[in-house]
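Please look over the structure first.

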Amino acid sequence: MTVIAAVLQAPRRLELLARPAPLARRGEAVVRIAATAVCHTDLEIYTGRHPGVRLPVVMGHEATGVVEAIGEGVERLSPGQPVLLNPIIACGDCDACARGHGNLCRNAGLFGREMDGSLAEQVVLPERYLYPLPKHVPLAAATLIETLATVRHAQLRARIASGESVVVLGQGVAGLLHTQLAGLSGARPVVAVSRSAGKLELARRRGADRVVNAAREDVVAAVMDATAGRGADVVVESAGDPGLITPAIEMLAPGGRLLVYGISHRPVPEFTTFPLYFKELTIHGSRALTPDDVPPAIDLVASGAVAVEELITASYPLERVAAAFQEYERAADSVLRLVIVPGR
Ligand SMILES: [Zn+2]
Ligand SMILES: [Zn+2]
């Protein structure tokens with residue numbers, strides 16, 4: 001028996017290939033993929049901009065599916081169970097894993113980047129990477145839970161607290177979720193910043209107290225105005241634009257925290273360490289998610305607290321995955337998430 005997988009053979013060259021159907025060994029489950037959401041990480045891999053990725057590879061790390069078969073010793077899952085995949089694969093043996101930081105594992109990596117991922121009809125994974133989903137959560141929308149879990153992980157690192165002022169720079173999928181989660185944590189005001197009026201409207205619907213159009217307004221001045229001249233307690237950089245780091249530091253209040261969620265390989269212009277000293281600032285990095293972040297993120301979506309369906313711009317059958325990536329590259333700024341759905 002074979003299954004279809006979308007193999008990235010070279011940058012911008014995706015081919016649908018038949019491969020032997022995966023088998024569940026001890027402790028593993030085969031999952032029939034229901035949907036995979038494609039994010040900026042995939043776009044970087046697809047275009048060849050992501051350093052260190054070895055091709056060919058099957059991309060796809062934000063995925064849901066239904067358990068097809070289980071191996072010996074699998075206890076929590078049975079065939080027919082809808083699941084969310086945790087794509088952060090950890091070796092379990094290195095010093096980072098030993099400290100409980102599997103997201104920082106020295107040896108493993110991301111399902112769909114360091115190893116073949118979910119742009120396929122079926123995958124196989126150890127049981128611990130599969131999280132049962134309530135039956136009422138639509139599986140295409142549930143692919144967004146992975147991103148929500150990484151956003152939650154980042155906000156826990158920055159310890160966003162009730163009554164603090166939070167600025168979110170960039171209102172893509174992650175930025176919108178940052179805006180909403182900050183509000184759910186009781187942050188006030190939550191200031192959403194974007195160059196897109198459409199995304200700012202989405203941010204408003206997710207609870208932003210103030211929206212700032214960076215194409216028309218001076219963002220630092222707007223944040224000072226929104227915080228009665230004090231500056232923000234927390235700034236979340238979610239645009240991945242190194243040009244925003246220095247203004248982000250400028251708009252922080254004394255004792256403030258900068259959460260660098262969007263990432264870039266480019267240097268930060270005009271960066272000096274003086275404000276770190278003078279305002280005693282903290283800069284937080286954040287990588288992926290830990291297993292502890294997943295069940296609360298599932299609950300946020302399953303309970304309706306965070307609506308994710310409107311974050312899906314379009315959905316494509318797996319047969320048209322190449323067209324989906326072409327469209328994503330063409331319209332990377334306006335597309336939120338594209339979802340790829342195997343057809344059979
Ligand atoms: Zn992703
Ligand atoms: Zn490890």
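How many salt bridges does the rule find across the interface of domain 1 and domain 2? The rule finds two, a salt bridge being a side-chain nitrogen of Lys or Arg within 4 Å of a carboxyl oxygen of Asp or Glu. This is a predicted model, in which local features need pLDDT of at least 70, side-chain atom pairs count only at pLDDT 80 or more, and totals for chains, interfaces and linings use all residues. Residues are numbered from 1 along each chain as its sequence is written, chains are lettered from A and ligands numbered from 1 in the order in which they are written, and side-chain values use heavy atoms, with hydrogens and water left out.

**Domains**
- Domain 1 covers 2-144 + 308-341 and domain 2 covers 148-285, with bounds from an automatic or database domain assignment.
- The centres of the two domains, taken over C-alpha atoms, are 29 Å apart.

**Interface**
- Nine residues of domain 1 contact eleven residues of domain 2, where contact means heavy atoms within 4.5 Å.
- The domains bury about 880 Å² between them, 59% of it on carbon and sulfur atoms; buried area is the accessible area (1.4 Å probe) that two parts lose on being put together, summed over both.
- Glu-310, Leu-311 and Leu-336 supply 51% of the area that domain 1 buries against domain 2, more than any other three residues.
- Glu-310 also forms a salt bridge with Arg-206, at 3.2 Å from N to O.

**Zinc site**
- The zinc ion (ligand 1) has Cys-39 (SG), His-61 (NE2) and Glu-62 (OE) as protein donors, 2.1 to 2.2 Å away.
- Donors are N, O and S atoms within 2.8 Å of the metal (3.2 Å for Na, K and Ca); water is not among the atoms, so sites may look incomplete.
- Along the chain, the donors follow the spacing C-x21-H-E.
- Both His-61 and Glu-62 are buried, meaning under 20% relative accessible area (1.4 Å probe, protein chains only).

Technical notes: Buried < 20%, exposed > 50% of the residue type's maximum accessible area, 1.4 Å probe, protein only.
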